[in-house]
Amino acid sequence: MKLMDVKLGQLPTWLAMRDFTPGGILGALRRGYDRYYNKYINVKKGGLGGISMVLAGYVVVSYIWSYSHLKHDRHRKYH
Amino acid sequence: MNLSFFDQFMSPQLLGIPLIMLAMMFPTLLLPFPTTRWITNRLSTLQLWFIHLTTKQLMLPLNKGGHKWALILTSLMMLLLMINLLGLLPYTFTPTTQLSMNMALAFPLWLATLLTGLRNQPTTSLGHLLPEGTPTPLIPALILIETTSLLIRPLALGVRLTANLTAGHLLIQLISTATITLLPILPTVSILTSLILLLLTILEIAVAMIQAYVFVLLLSLYLQENI
C-alpha cells in the first residue's frame, strides 16, 4: 500500500512491512528513478526543468555533505 | 595563514564515509540509457547526436583495429565531460581535480596503447622513436629525447587535466572572494571584478569541455601510432 494511504498510527506497521534488503532498496531506487524519468524527461516536449531539478538537488546534497567544513567560514574575518 | 582556499578539493565525507564514489556515479543519472525506440525524448536525442558527433571525429583517423577502442574512448570522454561540467556548480566536488584519479585514468590507457603497439608491430612502434629525415649525427640524441617524450606521456595527460581544472576552480574562488570583499568598500571595482568573474566562468565551461576532449584525443593519437 502506498505511503499516502497509510494512517499516522499505522506508520510503524507499514515501515516493518517494507523490504529493507539490498535488493529491496535497489528496487525502490529503481522505481523512484523510473517515476521521475517518465514524468519529467521521457515526454514529448521535455524542457530544461527535468534536469535542472536534478542538478539543484545535487547542489543541495553537496552543500549538506560539505556543511561541517563550511560552518567554520561563517564568522571568519579573513577568508 | 589560513588555507581555506584548498578546502574545496578535499574529498567529501559524511560521518566518515567517503562519498567520492557517489560524486563519480552521479553523471550516470543524467545520461539515460538509449532504448530501442526510434523516437525518444529530447534528452536522449541530444545525447545520441552528441555521442555520434564525437565518436565519428575520434574514429576517423583510426584503422579497423582502432575501432575496438570506440566504446572505452567515448565513455571516457562522456565521463570526463560530465564530471568537469558538474564541478562548476556551487558546492559540488570535482573528482578530476584529484591527481590520483587522473593518473589512474591516464596511466593504464597509455600503457595499453604502448603494449598493443609493442606486441603487434614492434618494429613500427620503435620506429616512431626516430622521425623521418633526421641528420645522422643527431640520431642518438633524438632517440633519447623521443623515449623521454614517450615515457612522460601518462604524467603529462594526468597532470594536464588536474592542473587545468584545479587552477580554474581556484581562480573562480579567489576572484569571487575579491568581489564579495570589495562590495562594501569600492562598489565600482566590485562590479568590474564581477565582470571578470563572468568571463572566467565562461572560460571555465569551455576549459571543462576542451580538457575532456583533449585527453581522449591524445589517447586516440597514441593509439593511432601503435595499432
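**Notebook: chains A and B**

I began with the pairing: chain A and chain B bury about 2,200 Å² between them, with 66% of that on carbon and sulfur atoms. Buried area here is the accessible area (1.4 Å probe) that two parts lose on being put together, summed over both. The size of an interface is often quoted this way.

A note on what I'm looking at: this is a predicted model, where local features need pLDDT of at least 70 and side-chain atom pairs count only at pLDDT 80 or more, while totals for chains, interfaces and linings use all residues. Residues are numbered from 1 along each chain as its sequence is written, chains are lettered from A in the order in which they are written, and side-chain values use heavy atoms, leaving out hydrogens and water.

**The interface**

How many residues does each chain bring to the contact? I found 23 from chain A and 26 from chain B, where contact means heavy atoms within 4.5 Å. I looked for salt bridges between the chains and got zero (a side-chain nitrogen of Lys or Arg within 4 Å of a carboxyl oxygen of Asp or Glu). Polar contacts across the interface came to four residue pairs, both residues at pLDDT 80 or more. That term means a pair of N or O atoms within 3.5 Å; within protein, one must be able to donate a hydrogen and the other to accept it, and residues adjacent in sequence count only if both atoms are side-chain atoms.

On the chain A side, H3(A) gives the most, eight residues. Helices are DSSP runs (H or I, at least four residues), numbered from the N terminus.

**The core**

Next I looked up the largest nonpolar core, which has 29 residues. Such a core is a set of buried Ala, Val, Leu, Ile, Met, Phe, Trp, Tyr and Cys residues joined through side-chain atoms within 4.5 Å. Leu76(B) and Phe215(B) are among those with the most contacts inside it. Leaving aside neighbours within four places in sequence, Leu76(B) touches Leu105(B), Leu109(B), Phe215(B), Val216(B) and Leu219(B).

**Thr74(B)**

I also checked Thr74(B), which sits in helix H3 of chain B. Is Thr74(B) buried or exposed? It is buried, because its relative accessible area is 10% and buried means under 20% (exposed is over 50%, partly exposed in between; 1.4 Å probe, protein chains only). Not counting residues up to four places away in sequence, Thr74(B) touches Ile51(B) and Thr55(B). The side chains of Thr74(B) and Thr55(B) make a polar contact at 3.5 Å.

Notes
Helices (H or I, at least four residues) and strands (E, at least two) are DSSP runs, numbered from the N terminus.
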